[in-house]
Each structure stands twice: as structure tokens, then as C-alpha cells.
Amino acid sequence: MSFSGRVKEELAGSISPARHCRIAETAAFIGMCGTVVINSFDRYSIKIHSENLLAARKVFTLLQKTFNIKADISVRRNIRKGSAAYAVIVRNHEDALRILQAAKMIGDHQGSADDIQAFSPLVIRQTCCKRAFLRGAFQAAGSMSDPKKSYHFEIVCSSPEAAGQIRSVICSFGLDAKIVPRKKTFVVYLKEGAQIVDILNVMEAHVSLMELENVRILKEMRNSVNRKVNCETANINKTVSAAVKQVEDITYLRDTVGFENLPENLVEAAHARLENPEATLKELGEALTPPVGKSGINHRLRRLSELADKVRQEHKEDYYD
């Protein structure tokens, strides 16, 4: 099962003890993947569609525990694709009215289809209800990427108004959700790992949250190790390149000027570098008698390089003259 599937499984397994929270979660399901049908006799029915069996079971349980309604469940299988689609159906007119009125999707008096409100702010006035609402919205139309690969959380909405309302609820918890159009839908999404951890906490998916945190810790440790290795490799390359240049300069001075014409302390440093081409500055300094610190040996080697450059420049000028 994918990480997104495990999150939904965890959310589907919990039922809020508070009736108002169950109503908020039911409202999210109806608004995100439900259809309100009004027949020619002005009789209401509700269909909630899902390709996720766990989500369909959750809706069935919410209706039963909140409204004492046993809804019908229909299954449509696609043998060619090996998939199935589920529908939770409330056929009874009075039951459908009770659900819609509790979810504040219609008023106390029966109206037309145009009067049906997808999401009412009245059902999510409390923080706990907002959490329940987001749980329902994610189970109905949400998904998450595998955190081992990338961080991405999204809820797909059919209209910009619905996307705006869901984004507003998410942002009320201090998160920075964004909306992007995708084909004929509108996607509310979060990208940063820390914010996805927060949204799991908001939805009270604590087991999934711990799993995600473990993945984040491992990834951060790997990144930290890689940064240190890259830094050390760069330092080694820099040290090797500097040593090669120093050997070239010292060899050039030996073959042109001669060590006998150089100060004794520079000759001592030159011999130490030629005998130890791969040694660090600290190791070179310790090889001298008496030992010299890193700054001291570095100063001598730099003087040798400056002298070599000066001699090269003089030879170049003599060549052109």
C-alpha cells in the first residue's frame, strides 16, 4: 500500500466521538465527491462516490452513527482495468433532508437545487470541526506522494470556490497552502515537508506523521553526510592542487635560480615539499627542525611561488627583448 493509502486507512479507522465533528466530516465527503439528486417529485436523495473502499466504509459508518441511517452501497467493477467504484446512497427523502440540513447545505425549508450549498462555514466554526472537515476532504479527493521520493500533499477540487474554501481552512492552522489549476480541476497543495507534517497533525493522522518524520530524519542525515563528504572532497582537491603547483614552482626555481641562491628557510621548506608532495601544511611544518606552524610553512611556500612567478616574468621579458 502506498503512503497516501496508509494515511487514508488510518483516517478511515477513526470516528470522532463528537456529533458536530462527524457532521463536518460528512459535509466534506458530500461536497467533494457527493451528488444531491432531486427527482421530478421534489424528492431528495444523496450519492457519495469513491474509488476507495475504505472511504466508502467511512461514509457508511458516519451516516449510521451520526444519523442512525443505514445507507445502500453499490459497487461497479471494471474487469478490464481491474478497478472498482463505490457509491454510498441515501434513497429515503426524509433521511437525505436530515443530512443536508445538518450539514447546512440547505436551510430548514426544502428548496430547489440552486439553493444547495457545497460547503457551509457554519459546520466548521470550531477547530475540531475544521480538523474533521479536512479529514473528510482528504479521504474524498486527496493524495500524498511517497516522502522517500518527494514531499507533496494535495486535495483536488471541482471548482475554484471549493478550492478557495479548503485552502482557507488549511491556512487557518498557520499553513501556506497554494492553489493551481490542473485540466478542469483546481488543486490545493502543500510542498514543504514540515508543512505536510503539520497537516497530518491537523488531520490527527499521528501514526503516518511519525512515519513521515522518520523518513525526514533519515533524508536529512544523508544530506548532511553528503554535504560533509563533498566539502571534504573539495578541500582535498584544493590541497592536492596547491601541492602540485608548489612542487612545480620549487622545481622551476631549482632548475633556474638554484637553491644555493635562496634563503636557508625557503630552501628547507622547498626540500620538505619535494620529499613530501602529498603532505598537509601541518605535516610539513612538523617535519622541519625546529617545527614550524601551519601559517609559517604556508608563508614560506607562498614566498617560493611568488619568487617562481617573478623569475618566469623576467625570463618572459628577456625573451621578448
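A residue is taken as buried when its relative accessible area is under 20%. By this criterion, in the predicted model examined here, 6 of the 8 residues of strand E4, which spans residues 83-90, are buried, so the strand is largely enclosed by the rest of the structure. Strand E4 pairs with strand E2 (residues 44-50) in the antiparallel sense over 5 bridges, and within this arrangement Ser50 stands opposite Tyr86 of E4. Strand E4 is also joined to strand E3 (residues 72-78) by 7 bridges, and these two strands likewise run antiparallel, with Asp72 placed opposite Ile89 of E4. Strands E3 and E4 form a hairpin in which 4 residues lie between them, and Gly82, located in the turn, has a positive phi of about 70°.

The aromatic side chains were then considered. A pair of aromatic rings is described by the distance of the centres and the angle of the planes. With ring centres required to lie within 6.5 Å, the count comes to 2 aromatic pairs. Phe119 and Phe133 form an edge-to-face pair, with 5.3 Å from centre to centre and 85° between the planes. This pair links distant parts of the chain, given that Phe119 belongs to the loop between helix H4 (93-102) and helix H5 (127-141), whereas Phe133 lies in helix H5, the two residues being 14 residues apart. Both Phe119 and Phe133 are buried.

The other pair is made by Phe138 and Phe153, whose ring centres are 5.2 Å apart and whose planes meet at 10°, so that the pair is stacked. Because Phe138 lies in helix H5 and Phe153 in strand E6 (residues 153-157), the pair ties together parts that are 15 residues apart in sequence. Both Phe138 and Phe153 are buried. The ring of Phe138 has a further contact, in that the charged end of Lys8 sits over this ring at 5.7 Å from its centre. A charge placed over a ring is also found at Tyr151, where the charged end of Lys219 sits 4.2 Å from the ring centre.

Methods
Residues are numbered from 1 along each chain as its sequence is written. This is a predicted model: local features need pLDDT of at least 70, side-chain atom pairs count only at pLDDT 80 or more; totals for chains, interfaces and linings use all residues. Side-chain values use heavy atoms; hydrogens and water are left out. Rings of Phe, Tyr and Trp (its six-membered ring) pair if their centres lie within 6.5 Å; planes under 30 degrees apart count as stacked, over 60 as edge-to-face and the rest as tilted. Buried means under 20% relative accessible area, exposed over 50%, partly exposed in between (1.4 Å probe, protein chains only). A charge sits over a ring if NZ of Lys or CZ of Arg is within 6 Å of the ring centre and within 35 degrees of the ring normal. Two strands pair if DSSP finds at least two bridges between them.
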